[in-house]
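Colleague: I would like to learn how to read the features of a model from its coordinates. Please take them one by one, with the general idea before the case.

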Amino acid sequence: MKAIAYIFILFSVMACKKDDPFPDGNGDIQIRIWNGSSWGLDEVFVDTSDGQNDFGNLESNGKSEYKRFDSAYRYAFVSFKINGKAYLIQPTDYVGEVQLEKGKYTYKISVTGLNSDYALLEFIED
């Protein structure tokens with residue numbers, strides 16, 4: 001009977017585990033966003049191998065708070081808007097890339113102009 005009770009408790013604890021890929025306090029990789037453009041960025045999302053993370057809105061030259069990740073690369077899929085226009089930075093693949101080691105990093109986003117769909121992602125080790 002004790003064995004059944006222990007199994008029940010074990011499954012109950014496992015069922016309570018959050019599926020959040022960005023749990024606070026876990027994840028040894030910390031990434032922030034730096035808006036290196038002349039315009040405010042709205043609805044900034046970064047999609048890494050952990051999943052999607054919302055960085056919110058960033059004013060020109062503003063930096064977000066660090067967010068924790070369990071895994072990430074030197075570049076990532078990033079989406080954001082400027083004056084309602086959607087921009088994407090989309091990696092082709094991660095072939096040959098090595099996952100980041102624990103530490104703090106910044107993805108700096110630069111936009112060349114509002115008439116262009118071109119945006120640049122620069123990787124910075126903090």
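This is a predicted model: local features need pLDDT of at least 70, side-chain atom pairs count only at pLDDT 80 or more; totals for chains, interfaces and linings use all residues.

Colleague: How should I read the strands, and in what order do the four strands of the open sheet lie?

Modeller: Strands of a sheet pair through backbone hydrogen bonds, in a parallel or an antiparallel sense. Helices (H or I, at least four residues) and strands (E, at least two) are DSSP runs, numbered from the N terminus. Two strands pair if DSSP finds at least two bridges between them. Here four strands form an open sheet in the order β3-β2-β5-β6, with antiparallel pairing. Its edge strands, β3 and β6, each pair on one side only. From one strand to the next the twist averages 15°; axes for such angles are lines fitted to C-alpha atoms, for helices over the stretch in contact, and angles run from 0 to 180 degrees between N-to-C directions.

Colleague: How many bridges join β5 to β6?

Modeller: Five, and the two strands run antiparallel. Within this pairing, K81 stands opposite A86 in β6.

Colleague: In which sense does β7 pair with β1, and in which sense with β8?

Modeller: β1 and β7 are parallel over seven bridges, and I29 stands opposite G103 in β7. β7 and β8 are antiparallel, over seven bridges; the bridge partner of Y105 in β8 is E125.

Colleague: What does I109 contact?

Modeller: Contact means heavy atoms within 4.5 Å. Leaving aside neighbours within four places in sequence, the contacts of I109 include I33, V44, V78, F80 and L120.

Colleague: Next, charges. How many salt bridges does the whole structure have?

Modeller: A salt bridge is a side-chain nitrogen of Lys or Arg within 4 Å of a carboxyl oxygen of Asp or Glu. A search of the whole structure finds two. One joins D126 to R32, with the closest N and O atoms 3.6 Å apart. That pair links distant parts of the chain, since D126 lies in the segment after β8 and R32 in strand β1, 94 residues apart. D126 is partly exposed, because its relative accessible area is 45%, whereas R32 counts as buried at 17% relative accessibility.

Modeller: Another salt bridge joins K81 and E43, whose closest N and O atoms are 3.5 Å apart. K81 is in strand β5 and E43 in strand β2, 38 residues apart. K81 counts as partly exposed at 31% relative accessibility, and E43 is partly exposed at 40%.

Colleague: How far from K108 is the nearest side chain of opposite charge?

Modeller: For charge, Lys and Arg count as positive and Asp and Glu as negative; His and the chain ends are not counted. K108, in strand β7, is buried yet has no salt bridge, and the nearest side chain of opposite charge, E122, is 4.3 Å away. Not counting residues up to four places away in sequence, K108 touches W34, G36, L120, L121, E122 and I124.

Colleague: Last, the backbone. Where is N83 found, and what is its phi?

Modeller: Most residues other than glycine have a negative phi. N83 is in the loop between β5 and β6, and its phi is near 50°, a positive value in a residue other than glycine.

Colleague: Is N83 buried or exposed?

Modeller: N83 counts as exposed, because its relative accessibility is 65%. Beyond residues up to four places away in sequence, N83 touches D42 and L114. N61, in the loop between β3 and β4 (67-69), also has a positive phi, near 65°.

Terms used
Residues are numbered from 1 along each chain as its sequence is written. Side-chain values use heavy atoms; hydrogens and water are left out. Buried means under 20% relative accessible area, exposed over 50%, partly exposed in between (1.4 Å probe, protein chains only).
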